[in-house]
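Hello,

Here is the structure I promised to pass on to you. Please have a look at it, and then read my notes below.

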Amino acid sequence: MNGTTLEDLDAMRTALRGPVIGPQDPEYRRARTVYNAMIDRRPAAVVRCTDTADVMAAVDFVRDEGLALAVRGGGHSGAGLCLVDDGVTIDLSPMRWAHIDPGARTATVGGGATLGDLDHAAHAFRLATPSGILSSTGVGGLTLGGGHGYLTRRYGLTIDNLLAADVVLADGTAVTADGTSHPDLFWALRGGGGNFGVVTSFTFRLHPVDTVGVAITVWPVDRIKDVLRWYRDFLPQAPEDLNGFFAALTVPPGPPFPEEIHGQKMCGVVWCWTGDPELLEATLKPVEDPGPPAFHFTAPMPYTALQSMFDELLPTGLQWYWRGNLFDRITDDAVDVHAKYAENLPTALSIMHLYPVDAAAHRLGPDDTAWAYRDAVWSGVIAGVDPDPDNAEKLRQWCVDYWEELHPHSMGGTYVNFIGAGETPDRVRATYRDHYDRLAAVKRTYDPHNFFHANQNIEPAA
């Protein structure tokens, strides 16, 4: 889009209700800012769409002009896929709304909604659906990749609770995809990423969730081998009401952590309990088994408070580089790799997380959705994080080295949203296993010219 002119921008402004922001506009710098400050791309225009009609008009304009297109929901793409140099970003952030039907236990949310928007609206009715662990994350990107979080062991992946999606296709038309209308598209949207269109709204099944039991347990990082071996055996056989993601971290300053462990490298688990509150302490009594923790905290908490617990620690504007893997087991050799790199976290915000994707997430069949790893037990991510741009290469190198040593102990693929910048296309194919060809066939039907390619791309079948 190097040849884009002011006249082009004016033509879009005439066609859309929402603002069209170009490099000459005061809002441009803010409009091209995304969650990961390591991403520095300069689109020729950012189009803030106010409704589906705006999206349809923007898609038509960009396609007819032969321009490159990216789609931004919450802007959390670690690889920066919501921006494209010299192209157009369709920004759905004005479409931040959520409607709850408490009788039907459903939520319909706009394509620009964040997890916080969905959680806030649903919590008023003591309802929720599985999602991520930061309330600033966009519903759209998380859902299209699969989605996992604190409620996954109890209620499945985010896509397992998706009932319908309104989608603007590459030809500019709008359709609703669900179990009976465009079922092939609906199948592909549940895990296939942003390859098939611009989703302007999502409808989810909700579950009764209000106050949850929250616990944080940490041990010194030199205990990680014992703790991780205990965790790999304990959690899969624990009640489905218990979710706990394992972490290697540096303890942040501030509550609930006591001052004496601030700044120390630790390993630990963040727990969420959706069962009887009276049973939380007994359920977590085994945390003493690998040795007394340095800190163990439990408290009842509104689900929305748990969902936003780490927002201030990880705000927009940090440098990020991440990569992921899926695991059906945590081998002793993998434990050794985790210990090596956890003891050498490069910065205070760098982390490794292992998110459970078992229990309720295993109830769907392997071919029911585009998510191809129903046999996985953990979704792991390694993330180098820091506010200082001078540390960007150090973050990336630590993450890549860690990932390359750990990858042979994985299942081969990853949660598609954890594919890092610069990874090769074979990572996408590995992530979809034998679903890849079926996804490519759906892509051929709905986007035969690969108009939607600023994503973890699936090329249309020949």
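This is a predicted model: local features need pLDDT of at least 70, side-chain atom pairs count only at pLDDT 80 or more; totals for chains, interfaces and linings use all residues.

Residues are numbered from 1 along each chain as its sequence is written, and side-chain values use heavy atoms, with hydrogens and water left out.

A cavity, on a 1 Å grid over the protein atoms alone, is a set of points where a 1.4 Å probe fits but cannot get out; a pocket is an open set with protein on both sides within 12 Å along at least five of seven lines, and lining residues have an atom within 4 Å of a point. Searching the whole structure turns up three cavities of 30 Å³ or more. Among the residues that line the second largest cavity are Trp371, Tyr373, Tyr415 and Tyr432. Its lining has seven nonpolar residues, four polar and no charged (Ala, Val, Leu, Ile, Met, Phe, Trp, Tyr, Cys and Pro count as nonpolar, Asp, Glu, Lys and Arg as charged, and the others, Gly among them, as polar).

The largest pocket contains about 540 Å³ of space, a volume being the space filled by probe spheres set on the grid points, which are joined across faces, edges and corners. Its lining is made up of 29 residues, with Leu249, Pro252, Phe257, Phe310 and Leu313 nearest the centre. By type, the lining of the largest pocket has 22 nonpolar residues, six polar and one charged. Which strand gives the most to this lining? Strand 13 does, with four residues (strands are DSSP runs of E, at least two residues, and helices runs of H or I, at least four, numbered from the N terminus).

**Helix packing**

The axes of helix 8 (residues 224–234) and helix 11 (residues 332–342) come within 9 Å and cross at roughly 135°. Axes are lines fitted to C-alpha atoms, for helices over the stretch in contact, and angles run from 0 to 180 degrees between N-to-C directions. Helix 8 is therefore oblique to helix 11 (under 35 degrees counts as roughly parallel, over 145 as roughly antiparallel, 65 to 115 as roughly perpendicular and the rest as oblique).

Helix 11 also meets helix 12 (residues 392–406): their axes come within 9 Å and cross at roughly 165°. So helix 11 is roughly antiparallel to helix 12.

Best wishes
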